[in-house]
Amino acid sequence: SLQKMSSFSPQHLANMAWSFATLGRRSCGLFEALESRAVQLLADPSVDFVPLDLALCAWAFAWLDHAAPDAALLRGIAESALRRLDDFSTQQLANMLWGFDHANYKERRFFEVVGQWCCSRPTSW
């Protein structure tokens, strides 16, 4: 996988990270490569991370304690998520927010915007 990392799409990254995290398998080399590729893709406006990919990445990196509170990965996920809030399912948003909380992400604006967005949703959401 490391040899093919440069061709990974957001879905490939998210699935790989989720798979290892679900199994509880820590691999620093793999997660460093996944993080580097994810940061690269998140910075590219032509690349589309769907909400599921964002949620899986946030959850997986946090679950394995590979996401620092000020990590470029979390900042990139947060920025992308704010642009796509209307596309998240309740479960995806909950999983992503759990990842941010577990990683001690401190960007106040992110949590304020998400909180305001959640409060503006109908009760059926």
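## Helix 1 and its cover

Helix 2 (28-42) and helix 3 are among the elements that cover the buried residues of helix 1. The model is a predicted one. The buried positions in helix 1 are P10, L13, A14, M16, A17 and A21. Viewed down the axis of helix 1, these buried residues fall within an arc of 165°, so they line one face of the helix. An α-helix has 3.6 residues a turn, so residues three or four places apart point the same way.

## Length and end of helix 1

Helix 1 takes in residues 10-23, 14 residues in total. At 1.5 Å a residue it should span 20 Å. The C-alpha atoms at its ends are 20 Å apart, so expectation and model agree.

Most residues other than glycine have a negative phi. D65 has a positive one, near 55°. D65 sits in the loop that runs between helix 3 (51-63) and helix 4 (72-83). Is D65 buried or exposed? Its relative accessible area is 53%, and the cut-off for exposed is over 50%. D65 is therefore exposed.

N104 is not a glycine either, yet its phi is positive, at about 65°. Its place is the loop between helix 5 (90-102) and helix 6 (108-119). Relative accessibility of N104 is 41%, so N104 counts as partly exposed.

Technical notes. Residues are numbered from 1 along each chain as its sequence is written. This is a predicted model: local features need pLDDT of at least 70, side-chain atom pairs count only at pLDDT 80 or more; totals for chains, interfaces and linings use all residues. Side-chain values use heavy atoms; hydrogens and water are left out. Helices (H or I, at least four residues) and strands (E, at least two) are DSSP runs, numbered from the N terminus. Buried means under 20% relative accessible area, exposed over 50%, partly exposed in between (1.4 Å probe, protein chains only). The expected span of a helix is 1.5 Å times one less than its number of residues. The arc is that of the directions from the helix axis to the C-beta atoms. Contact means heavy atoms within 4.5 Å.
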